[in-house]
Amino acid sequence: MVDVNFHFNLFLPPFSSQVLWIEMASNGKGNGEFSFNNGPAVANGNGTARNGLAKIQTKKNGNGMCHDDSSAPVKAQTIDQLHSLQKKKSAPTTPIKGTQGAFAVALSEEERQKQQLQSISNSLASLTRETGPKVVRGDPANQSETPKVSSHVEHHHHFTPTISVSDSALKFTHVLYNLSPAELYEQAIKYEKGSFITSTGALATLSGAKTGRSPRDKRVVKDETTENELWWGRGSPNIEMDEHTFMVNRERAVDYLNSLDKVFVNDQFLNWDPENRIKVRIVSARAYHSLFMHNMCIRPSPEELENFGTPDFTIYNAGQFPCNRYTHYMTSSTSIDLNLGRREMVILGTMYAGEMKKGLFSVMHYLMPKRQILSLHSGCNMGKDGDVALFFGLSGTGKTTLSTDHNRYLIGDDEHCWTENGVSNIEGGCYAKCIDLAREKEPDIWNAIKFGAVLENIVFDEHTREVEYSDKSVTENTRAAYPIEYIPNAKIPCVGPHPKNVILLACDAFGVLPPVSKLNLAQTMYHFISGYTALVAGTEEGIKEPQATFSACFGAAFIMLHPTKYAAMLAQKMQQHGATGWLVNTGWSGGRYGSGKRIKLPYTRKIIDAIHSGSLLNANYKKTEVFGLEIPTEIEGVPSEILDPVNTWSDKKAYQETLLKLAGLFKNNFETFSNYKIGKDNKLTEDILAAGPNF
């Protein structure tokens, strides 16, 4: 048996050059013995020790110490220095745009940092003080000492105001600026209770007491401009507040953020169309919020970030801090406030990240129509031949499922703009529902939940960290936020040509709408403004029979202008570019919910495929009664008898009664919009009203 020898060097004090060797030898019997020698183990002539291992050479330094020179010594004197070597500095090197000529001088990195921090300090400034707070870049946990106030930046990058008027002005606020997902993971795991890494690498987190949006706590400043431009009153999602109350809440949010040791700042973009891109800044107190917006907004390149400048819109997310209930217009401890004149949004009393996403969507619903660009709450995909389809639909209609097609490119799943050049995604990520998520049903979403993704309010196994997607212990509204490039067939950049088809999805639980109908322009506008679907048992607590729900433009909670304005823009663009409107029912057939059956998903996919291919345009059509919808008589792969819903009902009288009931619900809902004049005369309004049910 081969002898095994272990050698340990015990270094004597520096004044001695003697090296003491401790040798442990193991003989063939396995008994180890220690022996003390004044020299190293005997080596043979080929440079190896007698145990067959490589000989270790030792040399004396000038101080008489020996070191192992089989590898280069570490260039550090302390553990802290060793750790500092682990991270390499990221130094942008791209020039400023617009600098030309031989004498153009690029800003130094020091000047860039100063300008960037000056901009952030301005964003965080209280309007009652002359300057913004002192801001310094970096994690306070990594600062060895408080940065010294100086007229120039040496070791720390910070901006210092010239006047100190309060105790808060004496402290530094550390800015964690556009951190990477890995850095944000570290911040969340270290400092935010309820943050964990799941078995697939996603960051699981909790949004606190609020696990969904709070539409009744959302306020919009009503001023001289917005009073005439926005949709106010019955049916509108816009609840007014005055400028003074907004400033009170803004001050409360800014003071809270400035009181923290550190804040997260994201500078990002909205809209993949470079000509109509919006610069947004998000200031938040949680790594969870910063990572969420990193995923949901468009991520800037290093060059774009260096030249970012002043944002077009700023969010102050102080959601951990409540609003003052004594403040005018406040109805709870939560308030989400939009000021379109100041281009600012304030969040108090809710940590649900979706408020930021949908708040910015509301802003785009205001800004884009001013540029004659239509903002849309829709999914969007594109075929290999460049044919684009828009999918509109409320929760449960299959919008995400049908717009995610392995045979087509995904432009986006939720928010889009239709410009004179085509369509573009507003966002840089996807925000998918996770309840009952299964790999077999939604493989793309399942596979996208990996490192970098955020999982909100999900439940997982405490040992394996495997997510239990069917568990509703925290909420039914579990969500995943991930960059759009996590979807394999995503089209990057997320832009496409003008849509060829506009598909309106409805889950009709009354069972009287046909599986597919071809719409004329007026009908498209009518059903777009209506935004119909039906809630069924299980969708919301207490629902035992179908309930019709209408959401104008399939996104009433987010629109800022009157629905007819968006509808008129949609009609104009469809007419200009030759797009066809379709109404697709993904709900019930052969009876209402409880007696009929839901239309099979493979049939709906065949219908959508026929729309994409253009073959459905060439089909034979007939008109239905009451709603006056054009329905095809035959579609390949779909039983012809289900194309006309009356054929699937055994009780024809019950069918007629249910049909008239739903038609009445449509008419009652549309009364909100019937008196609104579109265009110079009332003709377009009359055409839209005539396109509704007639009985």
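Two aromatic rings of Phe, Tyr or Trp form a pair when their centres lie within 6.5 Å. In this predicted model, ring pairs of that kind join W231, Y526, Y532, F550, F627, F666, F670 and F673 into a cluster. Select these eight residues to begin the tour. The structure as a whole holds 20 aromatic pairs.

Next, select Y185 and F451, which form a tilted aromatic pair with 4.5 Å centre to centre and 40° between the planes. Y185 belongs to helix α3 (residues 181-191), whereas F451 lies in the loop between α10 (443-448) and β25 (454-456), so the pair ties together parts that are 266 residues apart in sequence. F451, by contrast, has a relative accessible area of 42% and is partly exposed.

Move on to F361 and F558. The ring centres of F361 and F558 are 5.8 Å apart and their planes stand at 45°, so this pair is tilted. F361 is found in helix α8 (residues 354-370) and F558 in the loop between β31 (547-550) and α12 (563-577); the pair thus links distant parts of the chain, 197 residues apart. Both F361 and F558 are buried.

Finally, turn to charges placed over rings. Select K279 together with F308: the charged end of K279 sits over the ring of F308, 5.5 Å from its centre. Then select K518 and Y621, where K518 lies over the face of Y621 at 4.3 Å from the ring centre.

Methods
Residues numbered from 1 in each chain as written. Predicted model: local features only at pLDDT ≥ 70, side-chain atom pairs only at ≥ 80, totals over all residues. Heavy atoms only, no water. Phe/Tyr/Trp six-rings, centres within 6.5 Å; stacked < 30°, edge-to-face > 60°. Helix = DSSP H or I, 4+ residues; strand = E, 2+ residues; numbered from the N terminus. Buried < 20%, exposed > 50% of the residue type's maximum accessible area, 1.4 Å probe, protein only. Lys NZ or Arg CZ within 6 Å of the ring centre and 35° of its normal.
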